[in-house]
Amino acid sequence: MTTDTPTTLPLGSRADYLVGSVIDSSTSLLAKQTHDIVRFAMGSPAAEAIPTEQLGEAARTGLTGADAFDYAATEGDPPLRTALLEMLEGTTDATTDERLTITAGGMQGLDLAAKLFIDPGDLVTVESPTYTNGSATALAYQAELAEIEVDEDGMSIDALRVAVDRAGRTPKLIYTVPTFQNPSGTSMSLARRQELLELARGWGSVVLDDDPYGMLRFAGDPVPSLHELADGDPLVFSVRTFSKIIAPGLRVGWVDADPSLGQLLIHAKQSMDTCTNLPAQRMVAEFLRAGHLEEHLATQRLEYRRRKEAMQEALTEHLSGRATWTDPEGGFFLWVSFGTGLDTEALFETALADGVAYIPGNAFSPGRRFPHDLRLCFASTPPDRIREGVARLARAVDAVEAR
Ligand code: PMP
């Protein structure tokens, strides 16, 4: 258990920049609740979507012998690297062996990028709203953050230009979640992806392309990844993860970066964790080798579409005229904006007591620009519970507005 008591130990100045994550903290907050709660807060796959039987089988076949529990190569276990390259073949994330580093989930990929590129005081642009843990990682390396507006076509490139003009210097790193963005659910259009790459090239900036949801498209036409559009240009540093497509507890992901960074990535990772958890790597490799992923993804896409639709229908029934929301074509999240001036941080306690949890909008903005918005995860809850959760949310809104 942690306490709020400030330490008297001689911390480094870096500690002032460790802001934590409201999203991750909600896991422990919710674990302490004993009443029935519809959980729209965490971005977890549905419990039913975790392929437990196949992972069990992968553990039985992949984890025989002591060597499965030894240290592994820092760049990743060869069987996983091979299976991953095959999995990506023919997709927008197709890549080559020398560009790959296996990581402890997407978060380690973000941390490695920040560790390699950010000096204290460097300008880093983040989307507004952005993935909290991504901006928190840049802050932990003492970046100066500029927030760039997001609309239905993703990050606004005009806003990016304006922010850079205003800052009077170019960004070291441009952080983006281009597809089914966490938290807004919107995707960056092809034209904007191309413009972004062109600008970044001109500025000499690195594009941190964090795309954990791209394989979970359930509507609309695919858009090429920033990785593919860069066509080998070293400026794109891509972070990917198995967390949303297989299971987050495995903590396995990968970085796809210019081969000139390979040794540095290995050295940076060696001072963090030596290697990614080997039993987890072996399980993922076996899961892929057995050919389970395609069918698993097809089932997930259908189910997530059903859940998104259930959430939108319930929002229309209960909050029409009082709020607007986005219409994602994939991924896990919907972004709800209240036109009424409702304070979604103040609403949280009432909503939690009424049995529904979400993440308030301000958690997704270092400058706390979203006091009247909130993020809902539709992926982890079955449709009937989604309807119940949205009804509870609307009741909490009524109660707070009546005060
Ligand atoms: N980036 C984004 C945009 C995410 O949504 C997440 C997970 N919520 C991550 C990175 C981190 O992924 P992982 O859990 O694999 O560390």
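Which of the 14 residues around the ligand come nearest? They are Gly105, Gly106, Met107, Thr241 and Ser243; a residue is near if its C-beta atom, placed from the backbone, lies within 6 Å. This is a predicted model: local features need pLDDT of at least 70, side-chain atom pairs count only at pLDDT 80 or more, and totals for chains, interfaces and linings use all residues. Residues are numbered from 1 along each chain as its sequence is written.

**Ligand shell**
- Helix H4 gives the largest share of the shell, three residues. Helices (H or I, at least four residues) and strands (E, at least two) are DSSP runs, numbered from the N terminus.

**Helix H4 (residues 105-117)**
- Of its 13 residues, 10 are buried, so H4 is largely enclosed by the rest of the structure. Buried means 20 or more other C-beta atoms within 10 Å of the residue's own, exposed 12 or fewer, partly exposed in between, with C-beta atoms placed from the backbone.
- Among the buried residues are Gly105, Gly106 and Met107.

**Cis peptide bonds**
- Ser128 to Pro129 is cis, with omega near 10 degrees. Pro129 sits in the loop between strand S3 (123-128) and H5.
- Asn182 and Pro183 are also joined by a cis bond, omega about 20 degrees. The loop between strand S6 (173-176) and helix H7 (190-203) holds Pro183.

**Positive phi outside glycine**
- Asp231 has a phi of about 50 degrees. Asp231 counts as exposed, because it has 9 C-beta neighbours inside 10 Å.
- Thr274 has a phi near 70 degrees. Thr274 lies in the loop between H9 and helix H10 (278-289).
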